[in-house]
Every structure is written in structure tokens, then in C-alpha cells.
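Let's take a walk through this protein model together.

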Amino acid sequence: MKHTTPETASRSGGAQTVAPSSQRSKVKSTATALLVLATVLAGALGPMQAAVNGQLGKTIGDGHAAALISFGTGLVLMFVIVFARPVTRREALAIPRLIKGRTIPWWNFLAGLCGAVIVLSEGVTVGVLGVATFQISLISGLVISGVICDRLGVTASVKQPLTFFRLAGAVLAIVATVIVISPNFSAPHTIALAIMPFVGGLLAGWQPAGNAAVADATGSMLVSIGWNFLVGFTALGIAYAIRAMTSGVDFQLPGSWWMYLGGPLGLLSIALMALLVRGLGLLLLGLASTAGQLVGSLLIDWAIPSLGHTIYAATIIGTVIALIAAVIGMIPSGKSPETTADTAVAAAVGGGEAGEVSPR
């Protein structure tokens, strides 16, 4: 008969408690890895949307009309989603009253204008620049915008100091943009086009704050996203109407069904980010989605030669530097406020209807 000493029992009991704990740790690590992979794939939806809108603009010969179509498809889809439920329908119809009552500062309701600029730049520039160059310019603008807006306290209740890491991230973002457009230094027109998404990224820095404020006032992030599409579509529509009256336009709808997927792809990206942020947190979500955007951009330009976009060594180097800039730009300071899931969803909208997550 085998006798068990107290020491042996203690070791045995310890093994029984340690093993399940170790197993839970492995399960958690595996789950986190799978969520990161899913976020990388979700981030790749941004370049896919940019490619769709870029080809749409190239096909119909009007980037402005392409942006209008992209926003229009997203708006129709959001209209169905919001007005299908009595609760969100009431919240959406209450927005005019909220604006009139000045429940929140009026500029929050115009945050969708930033998304309009980004989607417009997709339709105008991607056909010439390529998806990779567009995404690098956009993300670089977002990194710099994030540093500035955090310092001014635009998107949070606590102002973030201009630390060495944040400044380094902003400088690297500028370096990445310069490197990626360097093969086109002899073509001033191309450089001017690359500046457009960069400016769009700069403007998008304050958009998450506006979308989050509208979500808080209405009680629904879905309503906020729908309003975001409505404002962007209205602004683009007014500008297009002015063009039609002053210089004339030749509006035409594309014949290929997949060219109408720009808006739905953006909505799908936003929805996935809203789900994934609960398991990853905003930092990992931002890093993984940025990686997906950058790597996905390169793969799209490489895998679809018919787009006609050359991948230079400078493009790959710029991609790596832009990713490093995003990582550095997202290093939190000691006074970072807590970020809720709703704020993270607003950040997803903040990258425009491409579904970007503002990297900060």
C-alpha cells in the first residue's frame, strides 16, 4: 500500500491547481491570437473598399460621382438597419430636436464631412496612386492627427502630453509618406494626389469625438453611424449639384455589381471592429487593423495586376515605416483615460467609411 505524505499531497494538489491555470492561459493566448488574426483580416477591408471606389472612379471617369455612389449604398443600408427597429427609428428622428436644443456642440453633427473627404479621395486618387500609396498617406495623416488632437484634448477628456514617442511617431509618419511618393517626384500631379488622402487623415482626427458625442446624445452608435453617412452623402450631393449647374457633369452608374460594394464594405469593417474591440482592447485592435490595412494594400496591388499599380521598393519601405509610426503613435501615456467599446466604435467610424481605426 502506498502512503501519501502531506508534502506529496501538497505537490499533487499544486499540480492539480497549476495545470488548469496553465491550460486557461494557453486557451486565452490562442483566443487572443485568433482575434488578432481576425482584426488583421478586418483591417484589410479598408484597402478593399479603397480599391473598389478607386476602380469605380476610374471606370466612370469621375471620382466625385464614385464617392457619391459609395456613400449612397452605405446610406441605403444604414437606413434599412436603423429604421427597421422602433427604438433606433425614434432615436434617429430625434436628431433635429437635439440639434435645435443644442444638446451637444453643433460641430459634432458634421463629423461625417471627414468621411466624405476620405471617400472622395479614394475615388479621385486610388486609380492613379494605387491602394498601397493611398493607405500609407491616409494612415500617416491619421497618426499625426491623433497626436495633435490628443494634445489639444479633442477626442478625450484628458489632454495627452507631446511625449518623445508621440513626436517620433508623427515624424516617422511624414517620412513614410515622403518615401512612398518618392518614385513619383518627377510627376507633380501624382504628388498632389498623394497629399489628398494625407489631408483626409489629418481632418479625420476629430471625427471620432463627433461620432461618439452623437452616439451619446442619441443613445445609439448605429444612429450615429447612419447620421455620419447622411451628412457625408448630403455634402457630396450638394457639391455635385453645384458642379452640374456650373460646369456640367456626365453622371453614369457602373455596370459591374461589385462596384457598388464600397459602402457595405465600410459598414462591415466598422461592425467587425465593434465586435473585436471587446476581446482585444483598443491598442491591440489599432495595431492589428493598421497591419491589415498596410499589408492588405500591398497584397491587393500585387495580386491584381489589372489595377496597373507598380509596387516599388520605396512602397514596401514606406509600409514598414508607417506601421512603426502607428505602433509608436499608439503608445499610451500615463494619463490615458479609459476607452470604452463605444468610443472604439466611434474610432472605427473616424477613419472614414473605409472603416479605419484611428491609430493612436
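What follows is a tour from the whole chain down to individual residues.

First, some ground rules. This is a predicted model, in which local features need pLDDT of at least 70 and side-chain atom pairs count only at pLDDT 80 or more, while totals for chains, interfaces and linings use all residues. Residues are numbered from 1 along each chain as its sequence is written, and side-chain values use heavy atoms, with hydrogens and water left out.

Start with the overall fold. The protein chain has 15 helices and zero strands; helices (H or I, at least four residues) and strands (E, at least two) are DSSP runs, numbered from the N terminus. Of its 360 residues, 49% count as buried, where buried means under 20% relative accessible area, exposed means over 50%, and partly exposed is in between (1.4 Å probe, protein chains only). The chain exposes about 16,600 Å², with carbon and sulfur atoms supplying 70% of that area; accessible areas come from the Shrake-Rupley method with a 1.4 Å probe, and for residues only the protein chains shown count as cover. Now for contacts, meaning heavy atoms within 4.5 Å. Among those between residues at least 6 apart in sequence, 84% join residues at least 24 apart.

Next, the aromatic rings. How many aromatic pairs does a search of the whole structure find? The search turns up four. Rings of Phe, Tyr and Trp (its six-membered ring) pair if their centres lie within 6.5 Å, and planes under 30 degrees apart count as stacked, over 60 as edge-to-face and the rest as tilted. One of the pairs is Phe71 with Phe229, edge-to-face at 5.5 Å centre to centre and 65° between the planes. Phe71 sits in helix 3 (residues 63-83) and Phe229 in helix 11 (residues 221-246), so this pair ties together parts that are 158 residues apart in sequence. Both of these Phe residues are buried. Another edge-to-face pair is Phe109 with Trp227, at 6.2 Å centre to centre and 85° between the planes. Here Phe109 lies in the loop between helix 5 (95-100) and helix 6 (112-129) and Trp227 lies in helix 11, so the pair ties together parts that are 118 residues apart in sequence. Phe109 and Trp227 are buried too.

Those two residues also bring us to a cavity. On a 1 Å grid over the protein atoms alone, a cavity is a set of points where a 1.4 Å probe fits but cannot get out, and lining residues have an atom within 4 Å of a point. Grid points are joined across faces, edges and corners, and a volume is the space filled by probe spheres set on the points. There is one cavity of 30 Å³ or more, and the largest cavity holds about 30 Å³ of space. Its lining includes Phe109, Trp227, Asn108, Asn228 and Val231. Helix 10 (207-218) and helix 11 are the elements that give two or more residues to this lining, and helix 11 has the largest share, with four residues. By class, the lining has five nonpolar, six polar and no charged residues. In this scheme Ala, Val, Leu, Ile, Met, Phe, Trp, Tyr, Cys and Pro count as nonpolar, Asp, Glu, Lys and Arg as charged, and the others, Gly among them, as polar.

Stay on helix 11 and find Tyr240. This residue is buried, with a relative accessible area of 8%. Tyr240 and His64 are 176 residues apart in sequence, yet 7.3 Å apart in space, C-alpha to C-alpha. Leaving aside neighbours within four places in sequence, the contacts of Tyr240 include His64, Asp62, Leu68 and Phe251.

Now move to Val180 in helix 8 (residues 164-181). At 1% relative accessibility, Val180 counts as buried. Its C-alpha atom is 5.3 Å from that of Ala314, 134 residues away along the chain. Beyond its neighbours within four places in sequence, Val180 is in contact with Thr133, Ile136, Ala314 and Thr315. Ile136 turns up again as a contact of Thr319, which is found in helix 14 (residues 313-329) and is buried at 6% relative accessibility.

Arg102 is exposed, at 71% relative accessibility. Its phi is near 55°, a positive value in a residue other than glycine. Most residues other than glycine have a negative phi.

How values were computed:
On a 1 Å grid over the protein atoms alone, a cavity is a set of points where a 1.4 Å probe fits but cannot get out, and a pocket is an open set with protein on both sides within 12 Å along at least five of seven lines; lining residues have an atom within 4 Å of a point.
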